[in-house]
Amino acid sequence: MSAREARGAARPRHRARKLRWMTLATVVVAGALLALAASRGVAGDDDGDDDDDDDDDHGSSGPAVTVNGACAVDATDGRTWCAYANVVAGIDVAFSAVDSTDVSRVDHYVKATFSGTKNPGSLGWASFGPGTSMSSAVVSVGQANGASSTAYTLTSRATPSNVCSAGCAITELATTSDATGLTLKFRYTKENTTPGTETFIWGMKTSAWPGKHSAFGTVSADVTGITTANSGTSTSTLTRDVTHGVLMVMAWVIFMPGASAMTMLKNALPDGLWFKLHMAGASIGSLIFAIALGLLLGREDHGESSLLDTHYTLALGTIGLWVAQISLGVLRPNKTGGNRLGFIPTSLRPAWFVAHRVIGPLVMGIAAAAVITGAKLIQDKHGDDSAIGIKFLMPDVMYAMYATVVALALVGAGVNLCCFKPRQRSTSPSAPYLIETGQMTSSDRV
């Protein structure tokens with residue numbers, strides 16, 4: 001064999017080694033991300049600490065100072081109320097100082113009106129009160145049926161049962177309800193605190209109390225009526241959520257399915273090209289997936305809705321199977337030629353083949369469900385926004401994209417089977433890359 005032929009024969013193996021190192025590096029990144037997720041809570045933690053960029057499932061707490069509250073005297077009670085309309089779509093909040101000259105403590109009446117999309121109806125309930133999370137808050141729960149109110153201390157994500165009584169931060173509770181919505185009213189006292197921006201937690205459901213809320217969130221507002229922190233979606237929150245969603249679509253609707261589809265085009269693609277494309281697609285898709293996961297590290301919104309819980313469960317399943325599948329790709333046994341990496345025997349090849357083929361479709365199916373539930377969450381949270389990313393990340397668009405992917409895969413597999421003969425595989429142990437890909441050596445072409 002001439003020097004040129006030797007270099008030509010070595011080139012495919014060199015490329016394969018580069019792709020394998022890329023895959024190994026991706027697995028290392030994935031392991032690091034999983035370790036961070038375990039310590040910081042990619043699926044949410046319950047330690048009561050809140051991240052400044054934390055948000056919820058049907059509203060968000062993105063405190064960007066916007067406009068002054070509209071303050072006016074209410075003729076029904078003679079009090080001056082500073083009102084903020086639609087701090088979250090369907091929720092109006094108003095504050096009235098008991099003594100506007102006292103700046104040594106927070107002592108304000110609070111009203112929260114739930115209407116429109118947040119109207120609990122004639123049988124439902126709504127809650128509102130000071131706090132930053134379900135593990136640290138006091139809320140007034142008002143029931144439309146009977147228009148009653150009860151103050152609860154929240155210490156966990158479970159349905160509250162601890163009634164807040166002596167020394168409670170909220171008193172003088174009242175609830176009014178009609179066909180247009182439900183209003184909660186209470187007096188909020190916080191000693192040794194100059195009145196300013198306060199954070200409140202809210203929840204609601206259209207069925208009877210007790211029961212897990214169907215919508216939940218936090219709002220931040222200045223109780224003096226000077227400024228309000230808009231609890232609609234902040235630019236940073238919107239950008240992060242949309243970026244996460246788009247990256248997930250790239251990873252699990254384009255690159256991962258594309259990499260898998262290459263295995264069905266072995267006969268159609270020459271010289272082991274299917275294997276190179278399979279490795280490249282899986283590596284790029286995995287890197288994008290890892291970046292998308294990294295955007296959500298440290299969030300503490302797990303457990304705030306059944307849809308969000310489902311999304312996180314699907315996400316964890318996807319992460320686990322993804323790591324397993326990538327690891328199988330890196331550590332696959334050789335067909336012939338001795339142990340891989342010096343310790344993986346060729347006898348494991350049949351078991352490896354079955355596992356790799358089973359996990360592949362399984363992880364993509366679970367990832368598809370995660371992508372679709374994620375799209376539904378995006379619409380729940382940002383659906384009123386006109387950003388192009390929000391319009392793209394719609395469940396119907398995701399269904400259409402997956403239908404297109406499946407159709408293309410079936411057409412490709414059919415063409416591969418009916419129009420191309422199986423390629424002859426190398427039997428030379430000295431050319432393991434050619435054995436893996438189906439590329440033929442010069443001796444095989446005789």
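**Exercise 1.** Classify Cys418 as buried or exposed.

*Solution.* The classes are as follows: buried is under 20% relative accessible area, exposed is over 50%, and partly exposed lies in between, with a 1.4 Å probe and protein chains only. The relative accessible area of Cys418 is 60%, so Cys418 is exposed.

The model is predicted: local features need pLDDT of at least 70, side-chain atom pairs count only at pLDDT 80 or more, and totals for chains, interfaces and linings use all residues. Residues are numbered from 1 along each chain as its sequence is written, and side-chain values use heavy atoms, with hydrogens and water left out.

**Exercise 2.** Determine how many disulfides the model contains, and describe the link of Cys71.

*Solution.* Step 1: apply the criterion, a pair of cysteine sulfur atoms within 2.5 Å; the count comes to 2 disulfides.

Step 1: Cys71 is bonded to Cys82, with the sulfur atoms 2.0 Å apart. This pair links distant parts of the chain, 11 residues apart, with Cys71 in strand β2 (residues 70–73) and Cys82 in strand β3 (residues 80–88). Here helices (H or I, at least four residues) and strands (E, at least two) are DSSP runs, numbered from the N terminus.

Step 2: the S-S torsion of Cys71 and Cys82 is about 110°, and therefore the disulfide is right-handed.

Step 3: Cys71 is partly exposed because its relative accessibility is 41%, whereas Cys82, at 7%, is buried.

**Exercise 3.** Characterise the disulfide of Cys164 and state the overall pairing pattern.

*Solution.* Step 1: the partner of Cys164 is Cys168, at an S to S distance of 2.1 Å.

Step 1: the torsion about this S-S bond is 120°, and the link of Cys164 and Cys168 is right-handed.

Step 2: Cys164 has a relative accessible area of 15% and is therefore buried; Cys168, at 10%, is likewise buried.

Step 3: with the bonded cysteines of the protein numbered in sequence order, the pattern reads 1-2, 3-4.
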